Amino acid sequence: MRLHAVSDIHLGYQANREAIHDIEARPDDWLILAGDVGETERHMHLAFDALQPKFRQLVWVPGNHELWAVTGRDGEPGERPLRGEARYRRFVDLCRARGVLTPEDPYPVVDLDGTRVRIVPMFLLYDYSFRPADVPAEAALSWAREDGVRCADEQFLPPDPHETRADWCRARCEATQARLDAVSDDLPSVLVNHWPLIEELARPPRIPRFSLWCGTRRTADWHRRYNARVVVSGHLHMPSTRIVDDVVFEEVSFGYPKQWRGRREPDAALRQIRI
Ligand SMILES: [Fe+2]
Ligand SMILES: [Fe+2]
C-alpha cells in the first residue's frame, strides 16, 4: 500500500464538490483527510461517498470548519447546531458508522515500503500561543486586530463544555500526549493534525498574525519526541514540503476554488507520504 494525504477540501464550495470526483482511484492505498472537509455532516458524507470507493481506507481528523456550530447548508434541514465537544463526537460517530478512522481510534500500524509505521491522527486545536513573547495572552486578539487580522472561529467555533478554545486545546494535547507516552515500541510515526505542530509553519506571509489560530507551542517538540518521520497538516492553504530536524513536514491543503482553479489539477493535490 501507499499512503496519501490531502486537507482542506472544503466541500461547502460547489467547485470543490465537483473536483473531488477527479481524484483518481488507488484501491490499494490509504488516504488521510486532514481536516476542513467542510462544515456539515452532509459534506462528510459527500467526501466519503466520493472517496471511499477509490481508497482502501480513509483516515479523518477534524479541522476548524467541521467544528463551526452552523446549521446545515445546501438544502439541509436547519436544526440547532451541535457545539464543541458534542459536535466533534457526532462527526467521530459518523466516521465510525462509515468505517473511517479518527483520532479516537487505536493508532493503526501499517507497512509502507517494508517499514512498519504508526499513523497517529490527532485533534489538538490552537491556543493563541503562536505570538511574540512580548504580547501577553489577554492582548493577543487585539494584537491581531491591530493588523486587520481576524478569524471566523471567534464567531463560529464554540468550545463547549470548555470555557475557552485554549482550554479545549490543553485538554486535547494532554490526552493525546498521554496516549503517545503510553506507546511502548519505537516504531516510526506519521503524525497528523489539521493545525501545524511547529510555529514556523504557522505564519502566512500576508497575514502573519493569523498564527494565533494556527496551533500551539505545546507541540513544538512532538516530531522528535514521538519519532515522527512525517508530520501532516493543513489549515494554512499553503501546500509545502519542509524538512525540520530531519523530519518531513507536509502541508497538504487543497484549498478554496480561487486557490487551485486554473493552477493545478485536483488529483495533484494528493501528497504521497513517503517514509
Ligand atoms: Fe481550510
Ligand atoms: Fe482550517
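**Close-up views of the predicted model**

View 1. Donors are N, O and S atoms within 2.8 Å of the metal (3.2 Å for Na, K and Ca), and water is not among the atoms, so sites may look incomplete. The structure is a predicted model, in which local features need pLDDT of at least 70 and side-chain atom pairs count only at pLDDT 80 or more, while totals for chains, interfaces and linings use all residues. Residues are numbered from 1 along each chain as its sequence is written.

View 2. Asp 36 coordinates both the iron ion (ligand 1) and the iron ion (ligand 2), which are 3.5 Å apart. Asp 8 lies in the loop between strand 1 (3–6) and helix 1 (14–19), and Asp 36 in the loop between strand 2 (26–33) and helix 2 (41–51), so the pair ties together parts that are 28 residues apart in sequence. Helices (H or I, at least four residues) and strands (E, at least two) are DSSP runs, numbered from the N terminus. Asp 8 and Asp 36 are both buried (under 20% relative accessible area, 1.4 Å probe, protein chains only).

**View 3. Packing of helix 2.** Buried residues of helix 2 include His 43, Met 44, Phe 48 and Leu 51. Seen down the helix axis, the buried residues of helix 2 fall within an arc of 165° (taken from the directions from the axis to the C-beta atoms), so they line one face of the helix.

Methods. Chains are lettered from A and ligands numbered from 1 in the order in which they are written. Side-chain values use heavy atoms; hydrogens and water are left out. Buried means under 20% relative accessible area, exposed over 50%, partly exposed in between (1.4 Å probe, protein chains only).
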